[in-house]
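Hello,

Here is the structure I said I would pass on. Please open it first, then read my notes below.

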Amino acid sequence: MNDNESVLGSGGFRKRKHDNFPHGQRREEKENVNPSSALMTSFKSFQLELDTRHDKYERLVKLSRDITIESKRTIFLLHRFTSAPNGEEILNESEVKLDAVRRKIKQVAQELIGEDMYQFHRAISPGLQEYVEAVSFQYFIRTRSLISVEEINKQLIFTTSNSHDKQPHTWSLKVTPVDYLLGVADLTGELMRLCISSVGNGDIDTPFELSQFLRQIYDGFTFIGNTGPYEVSKKLYTLKQSLAKVENACYTLKVRGSEIPKHMLADVFSTKTELIDQEEGLS
Amino acid sequence: MNNYRSGGFRKRKHDNFPHGQRREEKENVNPSSALMTSFKSFQLELDTRHDKYERLVKLSRDITIESKRTIFLLHRFTSAPNGEEILNESEVKLDAVRRKIKQVAQELIGEDMYQFHRAISPGLQEYVEAVSFQYFIRTRSLISVEEINKQLIFTAEDREETTNMTSNSHDKQPHTWSLKVTPVDYLLGVADLTGELMRLCISSVGNGDIDTPFELSQFLRQIYDGFTFIGNTGPYEVSKKLYTLKQSLAKVENACYTLKVRGSEIPKHMLADVFSTKTELIDQEEGLS
């Protein structure tokens with residue numbers, strides 16, 4: 001069964017049966033692979049390790065999506081806040097929702113026990129950013145100031161105290177400074193929306209407070225500039241636009257507000273951008 | 001109140017604005033007016049829809065992961081004794097996937113499937129890929145859409161056995177859920193299958209199996225011809241996968257050419273080594289001819 005014989009049979013297309021190839025030999029070699037050799041067992045352990053890691057990653061992605069959705073709904077709820085009687089209701093309801101979110105974050109913390117958090121960071125990062133946005137929004141409505149990372153992390157320490165002879169377990173999740181920054185950048189978008197809607201509600205003070213507040217946040221972000229992660233630079237651009245909208249609203253209130261009765265002021269805002277452009281053109 | 005004031009910047013207190021008036025108007029909004037109640041019903045409807053979409057996305061991700069693992073398992077198939085084992089194991093995994101698809105079908109009862117199609121489409125494509133791969137390994141042919149859909153008809157027989165009901169039980173209709181895989185999902189799944197078949201071809205050469213590459217070459221050529229009927233008239237994803245399909249087909253045909261051209265000159269046990277450098281050899285030959 002010398003393979004060199006078939007060299008002389010070259011040239012042109014010929015439907016050749018592969019009888020001269022020793023099929024049997026290769027198959028026997030395959031069956032001789034010992035399934036419990038050291039190599040195979042180590043591969044099996046690799047398989048197990050990788051599967052558990054990917055399953056954990058998938059569970060974290062699902063939890064992160066739940067956190068994102070619940071936080072977004074909390075933010076929508078907080079936009080309905082007014083200083084009317086239902087303001088207290090809304091704040092309490094938002095606290096309930098945020099507690100539900102924190103329970104999910106507790107599950108995330110339990111998944112991450114004994115693991116390097118940064119290997120799964122990409123899975124949970126969107127959820128944590130939305131949570132930071134929701135919590136800081138609620139904190140701003142209450143106190144008109146910005147919540148700090150330490151405050152947020154203090155709320156994310158969970159303990160169990162079921163039986164007294166058992167050690168109380170403590171889980172905590174640290175929100176990284178990057179997630180905090182990105183969450184605050186998203187917060188500015190919500191504050192811009194709050195500003196415009198508060199003008200529609202007739203609240204004249206809020207836009208000016210927000211204008212100052214957003215200006216301070218923007219100044220803080222320009223310290224970082226482009227030295228941070230890629231997402232920070234993207235959100236910096238959106239932040240600048242939000243700040244511009246809020247400041248335009250304040251200018252319109254000051255400039256137009258002295259000339260128009262208050263109940264017509266909301267109408268002016270729908271056309272304020274064109275008015276300001278015209279003014280800039282004339283001056 | 002509307003005095004004309006010009007001039008530069010002045011920190012002006014807004015006392016001349018009647019704050020109280022606007023706030024009273026706000027409190028006068030009737031929370032149970034027809035408009036508010038209709039908005040509340042919108043809110044409820046949208047929330048349920050988004051929750052359902054989210055559940056379907058989660059199910060689809062599970063289906064995708066389980067199907068992918070089935071495909072990895074099927075790649076380990078050989079004609080050795082463990083071949084039967086692997087096929088049985090893959091059947092078990094695919095049954096688990098079908099249970100998840102049953103949950104998807106239950107979620108979609110009474111709903112327009114196409115409104116949620118984008119959520120479940122990736123999962124269904126992976127499932128089609130896994131099922132057709134297993135079918136090909138068994139029968140060396142392509143499974144049809146009807147075959148796939150036949151396996152996706154679920155009835156609730158087990159539930160009726162467990163409930164202790166009175167004589168009304170046999171009057172009750174057995175619940176049937178089914179999920180129809182759309183032709184688009186089937187096509188995209190088959191396109192993904194070609195990638196797996198290409199991988200199967202290369203690994204079978206490494207195993208010393210000389211027949212499979214030629215069978216696969218013909219099979220893939222037929223699939224490619226079928227796809228060129230559609231060309232660019234289908235959805236955007238089809239065009240993308242057509243490009244990948246062409247590359248897979250090229251790899252398989254290169255493997256077959258190498259086997260024929262090189263196979264006659266080199267002893268068999270060295271053939272696998274040739275494949276690692278086959279592309280450069282073929283390029284050199286094309287340069288010389």
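**The annotated binding site**

UniProt, in an unreviewed entry, places the feature "binding site" at Glu133(A) and Glu190(A). They span 58 residues in sequence, yet no two of their C-alpha atoms are more than 8.5 Å apart, so they gather at one spot. Keep in mind that this is a predicted model.

Take Glu133(A) to begin with. Helix α4 of chain A, residues 121-143, holds Glu133(A). Is Glu133(A) buried or exposed? Its relative accessibility is 4%, so Glu133(A) counts as buried; the cut-off for buried is under 20%. Setting aside neighbours within four places in sequence, Glu133(A) contacts Ile75(A), Gly183(A), Asp186(A), Leu187(A) and Glu190(A).

Now Glu190(A). Helix α6 of chain A, residues 177-200, contains Glu190(A). Glu190(A) has a relative accessible area of 9%, so Glu190(A) is buried. Which residues does Glu190(A) touch, not counting those up to four places away in sequence? They are Ile75(A), His79(A), Glu133(A) and Phe137(A).

**A nonpolar patch**

There is also something on the surface. Leu39(A), Phe43(A) and Phe46(A) form a nonpolar patch there. Together they have about 340 Å² of accessible area. One of them, Leu39(A), sits in helix α2 of chain A, residues 38-79. Leu39(A) counts as exposed because its relative accessibility is 57%, and exposed means over 50%.

Best wishes

Conventions
Residues numbered from 1 in each chain as written. Chains lettered and ligands numbered in written order. Predicted model: local features only at pLDDT ≥ 70, side-chain atom pairs only at ≥ 80, totals over all residues. Heavy atoms only, no water. UniProt positions renumbered as here; feature names shortened; annotations may be inferred. Helix = DSSP H or I, 4+ residues; strand = E, 2+ residues; numbered from the N terminus. Buried < 20%, exposed > 50% of the residue type's maximum accessible area, 1.4 Å probe, protein only. Contact = heavy atoms within 4.5 Å. Patch = residues over 30% accessible without salt bridge, like charges linked within 9 Å, V, L, I, M, F, W, Y side chains within 5 Å. Areas by Shrake-Rupley, 256 points an atom, 1.4 Å probe, with all protein chains shown as cover. Salt bridge = Lys/Arg side-chain N within 4 Å of Asp/Glu carboxyl O.
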